[in-house]
Amino acid sequence: MLVEVDGAAIAANVRTLAARVGVPVCGVVKAAGYGHGAVVAARAMLDGGAAMLGVVDLAEALALRDAGIESPVLAWLHGPGVDFRIAARHGIEVAVSSIAQLEAAAAAGATIHLKLDTGLGRNGIARGDRADAIRRAIVLADGGARIRGAMSHLAGTSAEADLAQLRDFEAALDAAAPLGLEVRHLANSAGALGIPEARFDMVRIGMAAYGIDPLGPAAGDGAGAAVLGLVPAMRVRAAFVGGSAPVGLDDGLLPALGAPVVVKGQAARVVAVGAGELRIEPALDGDGVLWGDPARGEPSADAWAAAAGTIGYEVVTRMGGAARGAGVVAAGPALAPRRVLELDLEGEPRRLLAEVIGVKRVEPGLGVSYGGEHVTAAETTLALVGAGYADGVTRTAAGRPVELGGVAHPIRGRVAMDQVVLDIGDQRAEVGDPVALELAAAPELTGMIGPRVALEVAGVVPDADAMEALGERIGRALRAGDAVLLIGPLGAGKTTLTRGIGRALGAHGTVQSPTFVIARTHRTDAGPDLQHVDAYRLQEGGAGDEAQLDDLDLDLDGAITVAEWGAPLEHALDSWLRVELARGAADDDADGDDADDHEPRFVRLRGHGQDWDAARIRSLARGAASASAAPAAATSTRATSTADGSAA
């Protein structure tokens, strides 16, 4: 599958929209630029005259800074472990959705926008907390805090409801007048185009900049975008043989039965979308366009969306995950909310793991998410979860249960790109509480790895033989400079796992616990030495004890390092594989790491840093490791068109 992105079209669309609205534009490039590529989209937005760029979290913002983009950037969704000092250090502006976030961002010296909930029911300071938040903001600003703006988000429930939100926002701005705010922004693409009085000092333009009608697929012919003078920026192609192409759900496609496809100028229709196969009728041969520019006689992304029962936003955004995890690494709690697709030890997707990023008490009659399809029946608590359809939670998942604190709560309201909302009544919840969405019953979810979703492999290992076999599987994937940090109590199987790693590498000598020697080096048939380390004493001495680490004289670049009790080594590494092992409570008094070899163990594999992206973590699962065929990522490529139309 080939995903082509025309940066010149994005730039032209921004110019068209900016001329229409007459105020500065914030170009939104969250979720890998709605699947178009964040850096390509950001540069094109700026070329088109955008005054600022908008992203979801600090991880996305830092990726732009790392690419050399120095324009103003605003991030507005934060996990419980966010470090606003990073934002201040890199000149990234942040929107805050609670008094706690306001305090933390001000203390860090970050430039702040107050994010106010005026009726969308998602992130944003609740109406009940607004007065206190504004009063506190005024005090902090008097003390030197940089509070530059205020923002909210229209729900699009109805024209009347949007105008009510507008009036509510204006009332909040009146209360915040002592702050002397420089930039006030409320309108997204639809609001900017349809409600002139909602434009204030800036509008946030997302989907419209990519050439898709922000009001929805309508007839599916892309006519709405064309009327606005917008040009689709994405074109997706696949090669068909006998009406079949080797792409499907695992590559981000939604099950769009009946969607039009054009193959060498001939019209066809989608009749089946499997995990790795797309079939059309008639059974044509040749290069086919799944969606592109209707002005060139190609189907629109809206046509695919209409057939799938969704919107063009979701269709194109899923293309950001088409490489099936290549380059996707865990961002870390300081930068982004937790978003993880958990695979079992056989490589089958089990569930999406996320966390609560906001908890607020709200009034009855509040609409939740776009369109206000769920309305609170009484005073209740809303828990905001930081994952959406860019992360594999399809829009059709509304109503599906999400486990929070041992209780299953249905997703309320529409699934958004970055978040879902749970109405949990009077149940207590805290920011940072883990949540899980089971995936097995929804095939279009199971293969999806969004551009922000890391992978973890987890499951039960029944006995010592299986633990050693898992070690062999890990060992076959290791190379010079890799570090494997084993975390778990006595008797969890750390040495047994290392024995399997050593067997895969052809380690010379007996691999046994290094407790009494601290570190043991094995020559290997694979080439790089195997360094087997007991880091327990480092743990006793503190993770910051550099002298103790230096005393070990480890070759962290040329050898393969496996460290039992390995957490203290994390501060010395850029990348590592973390292997967490747990055993049953009945074994708490067992002696030695290999005690009770027949007791099942629970294992979780997590990658950290650029050397352990989602694709490499996937390779550690049995099904992925033993597969003889190349993964679908090998057939998924991306091209970016230059201004003259040539492929770059």
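Asp482 sits in the loop that runs between α14 (464-476) and β26 (483-487); helices (H or I, at least four residues) and strands (E, at least two) are DSSP runs, numbered from the N terminus. Everything here comes from a predicted model, where local features need pLDDT of at least 70 and side-chain atom pairs count only at pLDDT 80 or more, while totals for chains, interfaces and linings use all residues. Residues are numbered from 1 along each chain as its sequence is written, and side-chain values use heavy atoms, with hydrogens and water left out.

Asp482 is buried, at a relative accessible area of 3% (buried is under 20% relative accessible area, exposed over 50%, partly exposed in between; 1.4 Å probe, protein chains only). Its side chain gets to the backbone nitrogen of Arg479 at 2.8 Å. Leaving out residues up to four places away in sequence, Asp482 also touches Ala477, Ala559, Ile560, Thr561, Trp612 and Arg616, a contact being heavy atoms within 4.5 Å.

On to the charged pairs. The whole structure holds 40 salt bridges, each a side-chain nitrogen of Lys or Arg within 4 Å of a carboxyl oxygen of Asp or Glu. Glu93 pairs up with Arg148, with the closest N and O atoms 3.0 Å apart. That bridge ties together distant parts of the chain, strand β5 (residues 92-96) and strand β7 (residues 146-151), the two residues being 55 apart. Glu93 is buried, with a relative accessible area of 10%.

Arg235 and Glu298 make another salt bridge, at 2.6 Å between the closest N and O atoms. Here strand β10 (residues 234-240) supplies Arg235, and Glu298 comes from the loop between β15 (286-291) and α11 (301-308), 63 residues apart. Arg235 counts as buried at 18% relative accessibility, and Glu298 is buried at 11%.

Glu342 and Arg351 form a salt bridge at 3.0 Å between the closest N and O atoms, and both are buried. Shared partners join salt bridges into one network whose members include Arg338, Glu342, Arg351, Glu456 and Arg606.

As for confidence, the protein chain averages a pLDDT of 90, and 89% of the residues score at least 70; pLDDT is the predictor's confidence in each residue, from 0 to 100. Over residues 586-592 the pLDDT stays under 50, and the model has eight contacts beyond four places in sequence for them. Residues 642-648 also have a pLDDT below 50, with nine contacts in the model beyond near neighbours in sequence.

Definitions and conventions: A polar contact is a pair of N or O atoms within 3.5 Å; within protein, one must be able to donate a hydrogen and the other to accept it, and residues adjacent in sequence count only if both atoms are side-chain atoms.
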